[in-house]
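Trainee: I would like to learn how to read a structure step by step. Can you take me through one?

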2 protein chains.
Amino acid sequence: MATEEQIRESLDQVLVPGAMRSLVKLNLVRDINVSDEKASIALASAALSPQTQDWLKAKAGEVVRGLDGIKEAEIGFVEASPKELNDIRHVVAVMSGKGGVGKSLVTGLIGLSLARRGYEVGILDADITGPSIPRMFGISGRPAGSETGIIPPLSKAEIEIMSINLLLPHEDDAVIWRGPLIAKVITQFWEDVLWGKLDYLLVDLPPGTADAPLTVMQTLPLSGVIIAFTPQELATMVVRKAVQMAQKMNIPIKGVVENMSYFLLPDSGKRIELFGRSKGQEMAKAAGAPLLGQFPIDPELAQLCDEGNIERYDSEELNSFAEAFLKAMSNNGR
Amino acid sequence: MATEEQIRESLDQVLVPGAMRSLVKLNLVRDINVSDEKASIALASAALSPQTQDWLKAKAGEVVRGLDGIKEAEIGFVEASPKELNDIRHVVAVMSGKGGVGKSLVTGLIGLSLARRGYEVGILDADITGPSIPRMFGISGRPAGSETGIIPPLSKAEIEIMSINLLLPHEDDAVIWRGPLIAKVITQFWEDVLWGKLDYLLVDLPPGTADAPLTVMQTLPLSGVIIAFTPQELATMVVRKAVQMAQKMNIPIKGVVENMSYFLLPDSGKRIELFGRSKGQEMAKAAGAPLLGQFPIDPELAQLCDEGNIERYDSEELNSFAEAFLKAMSNNGR
């Protein structure tokens with residue numbers, strides 16, 4: 001007769017409509033009981049419309065009844081909020097204080113490298129007034145869900161993504177809100193989105209050290225932050241404010257990343273430092289954290305981001321960055 | 001006997017300690033009366049400590065008594081807030097929605113070009129959590145002033161500058177504030193700073209469309225905004241949010257400026273578009289405003305900004321940008 005484990009495996013084949021992740025990955029399977037050739041399964045109803053619940057009930061029943069020794073399958077629904085269901089190993093925020101230094105790019109690059117390595121990854125775009133993540137990943141559809149929760153859409157590489165831009169009628173609509181409303185939306189992206197089971201939830205923070213980063217640092221159980229910067233003195237001065245904020249809020253800085261570090265001349269391959277000498281070692285020292293990577297200005301990468309194809313990007317720099325990130329996370333990780 | 005006009009001219013030679021601008025330029029001369037070889041002068045006391053008032057009383061008396069036919073000079077002080085005294089022809093905000101596209105650079109470049117052309121200019125740095133202006137202009141001293149007002153320091157080219165970074169113990173101290181506090185400081189920079197008589201007050205906005213730009217648009221009598229952007233699609237998408245915000249708030253967009261538009265290879269002079277094709281015409285159309293200029297990525301300019309020497313910068317692009325800016329301001333200017 002089929003074991004609980006086998007039933008769970010079969011439910012991992014049932015994709016939730018709209019989410020395209022399985023019942024198990026979304027952590028919707030609350031209880032499995034097997035006795036006398038009868039399986040009783042309790043699913044959580046969070047973020048599922050009545051129609052979706054009906055469909056899942058039929059589909060799960062069908063799959064389970066196909067298992068060896070199971071003649072009857074009873075599928076019921078129990079209430080649970082997305083917050084109760086979410087089971088996330090690491091929440092990591094990418095910040096910089098300064099705008100335009102490539103926070104979203106770094107968030108995207110970490111996300112796609114982890115997904116390639118088989119980790120389950122989500123990205124929470126906390127930049128409410130200037131969200132870049134959906135465009136970078138080529139996502140524009142409205143998230144599915146119900147009154148009880150939102151289901152984040154998946155990127156091509158199966159990264160869960162939630163961003164205010166997925167909720168706006170047009171991607172260039174302005175969100176003219178003061179801080180309290182921005183804080184509320186970020187909290188909702190944490191509490192009302194059904195992320196399910198994730199190894200990593202990456203949070204893309206907006207510039208500054210005001211409402212959005214404060215809310216993220218006070219509300220989300222961060223394992224740590226990654227600090228992005230560019231070599232310009234002016235930028236690093238502002239980035240040091242972000243370092244100080246993380247320190248004051250007792251959030252471990254897991255590493256620093258330099259963007260626009262250099263440019264390789266197309267013909268000669270000569271390296272030019274467009275924004276001054278690398279500040280990698282200096283920033284690592286200021287943050288008390290390792291330098292995880294240095295990325296050049298790369299017109300090809302810029303184009304991939306513009307086209308929504310960041311997930312096609314690959315490079316040696318990216319691989320060594322991903323390895324350094326994973327190493328940093330395994331040190332004193334929460 | 002000396003006329004009122006001559007007395008005013010002589011008071012224009014009296015520099016206010018700490019400000020290094022004259023009594024007349026700071027608009028502190030409230031009343032001048034001449035009769036029977038006696039001049040009676042009323043000065044405003046805003047932002048002046050008792051010691052500064054004493055010094056100014058003595059100095060102004062001395063200067064006026066040196067005039068032809070004036071035997072006696074009576075100098076008195078009247079109360080007036082900086083807000084009542086400020087006499088500013090144009091308030092122009094530089095915004096973008098997106099961070100790191102060169103708002104502060106554009107603000108600085110407009111400021112120095114106008115100062116070179118003989119205009120009286122001030123810069124209000126409304127980027128409270130990521131201020132770049134003081135570093136760019138090489139200013140670090142604490143502003144002078146008293147309980148009744150703040151006197152902004154002057155740059156080398158005599159631009160008045162006010163920024164939160166001039167009030168912090170260290171320039172890389174983080175300002176970890178939520179929106180209401182940020183809005184309050186910006187309002188203070190407008191109401192409590194003795195700007196005096198200015199042709200242009202330029203406001204450097206932070207990224208986003210939240211508290212800071214909202215406060216500036218609701219509180220300051222803006223003649224218009226200048227929109228800065230870079231050619232990356234991702235950036236222009238966010239910048240269009242800023243365009244929409246200005247339109248919704250009924251603030252005229254006076255022009256758009258493209259930064260990091262191209263890079264000239266050092267050896268061949270060949271033009272490379274690092275972040276994609278120019279979006280100049282497209283953004284001008286979206287904003288319904290002229291394209292005022294296009295600036296390349298210029299390592300030399302980046303270095304000047306890092307060293308606090310932006311005022312040494314000059315180029316053909318800058319000159320034509322300044323002319324285009326002035327032309328745009330003279331069209332339907334408020």
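Trainee: What should helix α6 of chain A span, at 1.5 Å a residue?

Mentor: This is a predicted model, so we are reading computed coordinates. Take the 13 residues of α6(A), residues 179-191. At 1.5 Å a residue, they should span 18 Å. The end C-alpha atoms are 18 Å apart, which agrees.

Trainee: Which residues of α6(A) are buried?

Mentor: They are Gly179(A), Ile182(A), Ala183(A), Ile186(A), Phe189(A) and Trp190(A). Now look down the helix axis.

Trainee: What covers the buried residues of α6(A)?

Mentor: Both chains take part. From chain A, the cover includes β5 (121-125), β8 (160-162) and α7 (211-219). From chain B, it includes α6 (179-191) and α7 (211-219).

Trainee: How many residues of chain B are in contact with chain A?

Mentor: There are 47, and they are in contact with 47 residues of chain A. On the chain B side, the elements giving two or more residues are α5 (133-137), α6, α7, α8 (233-248) and α10 (299-307). Helix α8(B) gives the most, with nine residues. By type, the chain B side divides into 22 nonpolar, 13 polar and 12 charged residues.

Trainee: How are two copies of a chain related?

Mentor: In general, by a rotation about an axis and a shift along it.

Trainee: Why do we say the copies meet through the same surface?

Mentor: Compare the interface residues. Of those in chain B, 100% are also interface residues in chain A, so the copies meet through the same surface.

Trainee: How far apart are Ser10(B) and Val239(B)?

Mentor: They are 229 residues apart in sequence, and 48 Å apart in space, C-alpha to C-alpha.

Trainee: What scores does the model get?

Mentor: The ipTM is 0.93 and the pTM is 0.95. For chain A, the mean pLDDT is 95, and 99% of residues reach 70 or more. Where pLDDT is low, predicted coordinates should not be read in detail.

How values were computed
Residues are numbered from 1 along each chain as its sequence is written. Chains are lettered from A and ligands numbered from 1 in the order in which they are written. This is a predicted model: local features need pLDDT of at least 70, side-chain atom pairs count only at pLDDT 80 or more; totals for chains, interfaces and linings use all residues. Two residues are in contact if their C-beta atoms, placed from the backbone, lie within 7 Å. Helices (H or I, at least four residues) and strands (E, at least two) are DSSP runs, numbered from the N terminus. The expected span of a helix is 1.5 Å times one less than its number of residues. A residue is buried if 20 or more other C-beta atoms lie within 10 Å of its own, exposed if 12 or fewer, and partly exposed in between; C-beta atoms are placed from the backbone. Ala, Val, Leu, Ile, Met, Phe, Trp, Tyr, Cys and Pro count as nonpolar, Asp, Glu, Lys and Arg as charged, and the others, Gly among them, as polar. pLDDT is the predictor's confidence in each residue, from 0 to 100.
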